[in-house]
Amino acid sequence: MAIELTDSARLAYPVLRNQMIGEMAQLAIIRTEQRDRMARNQATGDLARIPNGTRPDGSPRYKQELVVHALVMPGTTMECKVGEEFRCPAPGDRVRLILKGMAFGKFIEARKTHRSGKLNVGDVLVTGTDQAQCYDQMGKPKGEPIRDQQTALKVPRGTTVGFYGPIELVEPTDPHWVAQAEEAYLADQRAEQQARAIPADQPAADRSWLDDDSPF
């Protein structure tokens, strides 16, 4: 029986980064996690949630991001940062894909037409990078989108550049990857149960808020 995917939060894994036009990733989804976006205060060095207006009751709203926990499937060329180096993960490796802003919106739109909005563990997320956009110091787009990697490489050093691409959700066709994703999902469930049993003075929290160093 298929396992319906529910949101939760646990351990940290390497994060896939959009950074090169022409790269792609095919991922078997384990789970998703929505959370407040965080930014580092340049003056104090502290992390803080990014404000995003207020709710009707006057309480503050904060910008959101979606963390997709997944297994890498064959054909993936997108890289993740491990320590100070970037490398392409191997099929079967666990990774995270952090979606915010435009990318988060694309995921929401893709989900609307995918199995009536329902996600199952093992569903496949296909994404890639097909353009780059430069930004000015105020965070506004500067110039036209860049469509080829050679042009992107010529962007002056110090310019803020964001890399973007399509996001597609498809039903799985290989039971092997569904089984692997379900095994990882159930392992996470067991880990969460164990974490809840840890005494309050011994927290085991994931503090990797700055997984994606893109400012937009």
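Is Asn41 buried, exposed or partly exposed? Asn41 is partly exposed, with a relative accessible area of 36%, where buried means under 20% relative accessible area, exposed over 50%, and partly exposed in between (1.4 Å probe, protein chains only). This is a predicted model, in which local features need pLDDT of at least 70 and side-chain atom pairs count only at pLDDT 80 or more, whereas totals for chains, interfaces and linings use all residues. Residues are numbered from 1 along each chain as its sequence is written, and side-chain values use heavy atoms, with hydrogens and water left out.

**Overall architecture**

- The secondary structure of the chain comes to 3 helices and 15 strands, these being DSSP runs numbered from the N terminus (helices are H or I with at least four residues, strands are E with at least two).
- Of the 216 residues of the chain, 36% count as buried.
- Among contacts between residues at least 6 apart in sequence, 77% join residues at least 24 apart, a contact being heavy atoms within 4.5 Å.

**Nonpolar cores**

- The largest nonpolar core has 20 residues, of which Leu16, Leu27, Val68, Leu99, Phe107 and Leu125 touch the most other members; such a core is a set of buried Ala, Val, Leu, Ile, Met, Phe, Trp, Tyr and Cys residues joined through side-chain atoms within 4.5 Å.
- At least two residues of this core are supplied by each of strand S2 (24-36), strand S7 (64-72), strand S10 (94-100), helix H1 (102-112) and strand S15 (167-170), and the largest share, 4 residues, comes from S7.
- Leaving aside residues up to four places away in sequence, Val68 touches Ile29, Arg31, Thr32, Val95, Arg96, Leu97, Leu99, Phe107 and Leu125.
- A second, separate core of 10 residues includes Ile30, Val121, Val124 and Ala184.

**Salt bridges and their network**

- Side chains of opposite charge can pair when their charged atoms come close.
- The count comes to 11 salt bridges, each defined by a side-chain nitrogen of Lys or Arg within 4 Å of a carboxyl oxygen of Asp or Glu.
- Arg31 takes part in a salt bridge with Glu33 (4.0 Å, N to O), and both Glu33 and Arg31 are buried.
- Arg31 also meets Asp188 in a salt bridge (2.7 Å, N to O), a pair that links distant parts of the chain, with Arg31 in strand S2 and Asp188 in helix H3, 157 residues apart; Asp188, like Arg31, is buried.
- Glu171 and Arg115 meet through their side chains in a salt bridge (3.7 Å, N to O); Glu171 lies in the loop between S15 and H3 and Arg115 in the loop between H1 and strand S11 (124-128), so the pair ties together parts that are 56 residues apart in sequence.
- Glu171 is partly exposed, with a relative accessible area of 49%, and Arg115 also counts as partly exposed, at 23% relative accessibility.
- Salt bridges that share partners join Arg31, Glu33, Arg35, Glu65, Arg94 and Asp188 into one network.

**Aromatic rings**

- Arg49 lies over the face of Tyr62, at 4.0 Å from the ring centre, under a rule that places a charge over a ring if NZ of Lys or CZ of Arg is within 6 Å of the ring centre and within 35 degrees of the ring normal.
- The structure holds 0 aromatic pairs, where rings of Phe, Tyr and Trp (its six-membered ring) pair if their centres lie within 6.5 Å, with planes under 30 degrees apart counting as stacked, over 60 as edge-to-face and the rest as tilted.

**Loops and backbone geometry**

- Asn41 lies in the loop between strand S3 (38-40) and strand S4 (47-49), and a polar atom of the Asn41 side chain lies 2.8 Å from the backbone nitrogen of Ala43.
- Most residues other than glycine have a negative phi, and most peptide bonds are trans.
- Arg115, in the loop between H1 and S11, has a phi near 50°, a positive value in a residue other than glycine.
- Ser116 is found in the loop between H1 and S11 and has a positive phi of about 60° although it is not a glycine; Ser116 is exposed, with a relative accessible area of 78%.
- Thr173 is found in the loop between S15 and helix H3 (175-196) and counts as exposed at 78% relative accessibility.
- The C-alpha atoms of Thr173 and Gly122 are separated by 9.7 Å, and these residues are 51 residues apart along the chain.

Note on methods:
A polar contact is a pair of N or O atoms within 3.5 Å; within protein, one must be able to donate a hydrogen and the other to accept it, and residues adjacent in sequence count only if both atoms are side-chain atoms.
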